[in-house]
Amino acid sequence: MCDIGCPHLQEIKASKGVELYRIIFSSFVAASNSVARKRKAIHCYCFVCKSIDYRLHSCLNCVYFGCYNGHHIQDHAKHKKHYLAVELAHGNVLCVACGTYVYDDDLLNVAHELMVRAGRRLGMGALYRPWEPSTKVLELLRKNPKRRKIVPGVAIGLRGLINLGNTCFMNCIVQALTHTPLLRDHFLTEEHICRPEDQPGCLVCEVSTLFQEFYSGNKGPLTLHRLLHMIWTHARHLAGYEQQDAHEFFIATLDVLHRHCKASAPALPENESSQRDNPHQCSCIIDTIFTGGLQSDVVCQACKGVSTTIDPFWDISLDLGRGGNNVGDESSFSSSMGSDLALSGEQAKQPSSGPTTLIDCLERFTRAEHLGSSAKIKCNNCQSYQESTKQLTMKKLPVVASFHLKRFEHSSRLHKKISTYISFPEQLDMTPFMSNHRNNRNLFNSGASSTSSSSSDSAGEWNSSGSGSISLTDNRYSLFAVINHLGTLDAGHYTAYVRQQNNHWFKCDDHMITRANLQEVLDSEGYLLFYHKKLMEFQ
């Protein structure tokens, strides 16, 4: 995805406007009547190989249809110098010269307008459109880089939590959630409206009260017996005073909050577009902050057909063992029902050393893996069982990216803790792990020119000029909380580091709150890592 703008798109917009895009989109993407659908069925095939490809593109300059997988649209662009093409499944614009899909506000507005019109004609409700900061909000952020901050000695938002008996796992998760910027702002502005049937015993009301207590200015430690009892009521597998896994408690807490918030959140229309943008079909605060979209691409080795699915996730579990892989590992993604989606596959054959950094873990997680002959799948394109490769990438990034380092290894023979030090950065750019970025790299590897490759690589970076400007496609994150597990698998203790505003770090050890520094945080072992999108940090 090009962040700095495509000169080829700007050139065609200056000479012909957006009418060509409007005609193609209305005729072949948002075909809402029988005549348009018949026209699409008759004409939409590759002019070279005559295939009806999932990634069929239409030239934006002339009447030409070409498939992407067969490189026929790319060949047409190079021969005719018609570099722009419209992908007919979703209306995205591909620039072959830049080697990337380009996004333009004018084209996005045209696409949304035509999809809304098509939805009305088909009797569908209003399309879901994810919230984005307005131009006014972005301008305020640019003009006011320095905002009110916590000065040394001020302890607002810092409260110790009493250990009720092996409840350090809960205390750490609560500390991380109460220091999540957007979640804090939501509850401090009393956005939650409790329904009469939820009273008494509304979990969201209890969490809202907890935020008020945290930021009341009082310094005494809090006792979370009411919150613990409510979570026990809704997540019975966590009931009891035995030591629990902090990651499991985190997922269970999000699930319970999601179910309660979803009941009072406004309903969204169910249609294909909203399902693609918001897999949970929910506008509650939990999904708004924590839900991302994980894209799984399965490529048939016989016909190179691609089967793509997008699943929601609340966190990303990263394997730390030797020779692990993104698909072969038992990495979990938390769905809206609070369960983990386990992705299984054949373990990588070649031996390899374990990861040493968070970037290594993400690289392993998003690299393609050959599933092998024992895991053949039926290809929808060639209608036969074939070997395939599978690759996971990030289709949609959440506001808060939560990473779970899988330090607890359980097997039929042994149970152990992996204490390997995994370094993690204060600032994290997720652009290399996005679906569009990986697709661009595959495009270059399959025969694109070196000029296009270098152009797209520079465009894929978050800010090639280094000016630090804010854009809606900014994939940079900053660390704001780290949860550590001390000790062994059988006898351990959880502690947390939380960031209070920008550069003020504190260590939370149950009722004890002590000041820490960034280096101390980065040197810690790390079990759960919480990153917040820099664009959305309203301080």
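**Note on side-chain pairings in the predicted model**

1. Being four residues apart in helix α11 (residues 246-264), D255 and R259 are separated by about one helical turn. Their side chains form a salt bridge, with an N to O distance of 3.2 Å. The two partners fall into separate accessibility classes: D255 counts as buried because its relative accessibility is 8%, while R259, at 35% relative accessible area, is partly exposed. As with every value in this note, these come from a predicted model.

2. E139 has a relative accessible area of 33%, so it is partly exposed. R142 is also partly exposed, at 41% relative accessibility.

3. What does D106 meet in a salt bridge? The partner is K13, and the N to O distance between the side chains is 2.7 Å. This pair links distant parts of the chain, since D106 lies in helix α5 (residues 105-121) and K13 in helix α1 (residues 7-16), 93 residues apart. D106 is partly exposed, with a relative accessible area of 38%. K13 has a relative accessible area of 17% and is therefore buried, the cut-off being under 20%.

4. The search of the whole structure gives 13 salt bridges. Beyond the pairs described above, there is a network of salt bridges linking E19, R22, E113 and R117. As background, side chains of opposite charge can pair when their charged atoms come close.

5. Aromatic pairs also number 13 in a search of the whole structure. One of them is formed by Y21 and F25, whose ring centres are 5.7 Å apart; the planes meet at 45°, so the pair is tilted. Y21 and F25 are four residues apart in helix α2 (residues 19-29), which means that about one helical turn separates them. Are Y21 and F25 buried or exposed? Both Y21 and F25 are buried.

6. Another tilted aromatic pair consists of Y494 and Y527, with 6.1 Å from centre to centre and 40° between the planes. Here the pair links distant parts of the chain: Y494 is in strand β20 (residues 492-500), whereas Y527 is in the loop between α17 (518-522) and β23 (528-533), 33 residues apart. Y494 counts as buried because its relative accessibility is 2%. Y527 is likewise buried, with a relative accessibility of 1%.

7. Aromatic residues also occur in a cluster and in an arrangement with a charged side chain. The cluster consists of F28, Y45, F47, Y64 and F65, linked by ring pairs. Separately, R55 lies over the face of Y68, and the distance from the ring centre is 3.9 Å.

8. How many disulfides does a search of the whole structure find? The count is zero. C98 is in no disulfide either, and its nearest cysteine sulfur, in C95, is 3.5 Å away.

9. The last point concerns F211, which lies in helix α9 (residues 203-214). F211 counts as buried because its relative accessibility is 1%. Its C-alpha atom is separated by 9.4 Å from that of H179, a residue 32 places away along the chain. Which residues are in contact with F211, leaving aside its neighbours within four places in sequence? They are L177, T178, L183, R184, F187 and L188.

How values were computed: Residues are numbered from 1 along each chain as its sequence is written. This is a predicted model: local features need pLDDT of at least 70, side-chain atom pairs count only at pLDDT 80 or more; totals for chains, interfaces and linings use all residues. Side-chain values use heavy atoms; hydrogens and water are left out. Rings of Phe, Tyr and Trp (its six-membered ring) pair if their centres lie within 6.5 Å; planes under 30 degrees apart count as stacked, over 60 as edge-to-face and the rest as tilted. Helices (H or I, at least four residues) and strands (E, at least two) are DSSP runs, numbered from the N terminus. Buried means under 20% relative accessible area, exposed over 50%, partly exposed in between (1.4 Å probe, protein chains only). A charge sits over a ring if NZ of Lys or CZ of Arg is within 6 Å of the ring centre and within 35 degrees of the ring normal. A disulfide is a pair of cysteine sulfur atoms within 2.5 Å. Contact means heavy atoms within 4.5 Å. A salt bridge is a side-chain nitrogen of Lys or Arg within 4 Å of a carboxyl oxygen of Asp or Glu.
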